[in-house]
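Please work through the exercises below with the sequence and the structure at hand. Each task is followed by a stepwise solution.

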Amino acid sequence: MENEHLIDEISDYCAKSGISPSTLGVRVLGNSRFFDRLKRRLQKTDEDVAKLRAFMAENPPENEEKGAA
């Protein structure tokens, strides 16, 4: 997922810069909680996607035609 790459980028940048992700958030966005909220939102999105895919796999459309896209 593209946003997971962003988490890695932020973490790497902060480690190399010697600042915390919350400090980066304040300096750039004026939001010390941005990084933590982003991580939580991505975790929740991943959970939701997994639930949706599981449901669709377990409940295929009744009128699904073979070979139909």
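The model is predicted: local features need pLDDT of at least 70, side-chain atom pairs count only at pLDDT 80 or more, and totals for chains use all residues. Residues are numbered from 1 along each chain as its sequence is written, and side-chain values use heavy atoms, without hydrogens and water.

**Exercise 1.** Determine which elements the chain contains and the span of H3.

*Solution.* Step 1: the chain has 3 helices and 0 strands (DSSP runs, H or I of at least four residues for helices, E of at least two for strands, numbered from the N terminus). Step 2: H3, with 25 residues, reaches 36 Å from its first C-alpha to its last, close to the expected 36 Å (1.5 Å times one less than its number of residues).

**Exercise 2.** Classify Phe35, Leu38, Leu42 and Leu52 of H3 as buried or exposed.

*Solution.* Step 1: buried means under 20% relative accessible area, exposed over 50%, and partly exposed in between (1.4 Å probe, protein chains only). Step 2: Phe35, Leu38 and Leu42 are buried in H3. Step 3: Leu52, also placed in H3, is exposed because its relative accessible area is 54%.

**Exercise 3.** Identify the residues that form the nonpolar patch containing Leu52.

*Solution.* Step 1: patch residues have over 30% relative accessible area and no salt bridge; nonpolar side chains (Val, Leu, Ile, Met, Phe, Trp, Tyr) are joined within 5 Å, like charges within 9 Å. Step 2: a salt bridge is a side-chain nitrogen of Lys or Arg within 4 Å of a carboxyl oxygen of Asp or Glu. Step 3: the patch consists of Leu52, Phe55 and Met56, with about 350 Å² of accessible area together (Shrake-Rupley method, 1.4 Å probe; for residues, only the protein chains shown count as cover).
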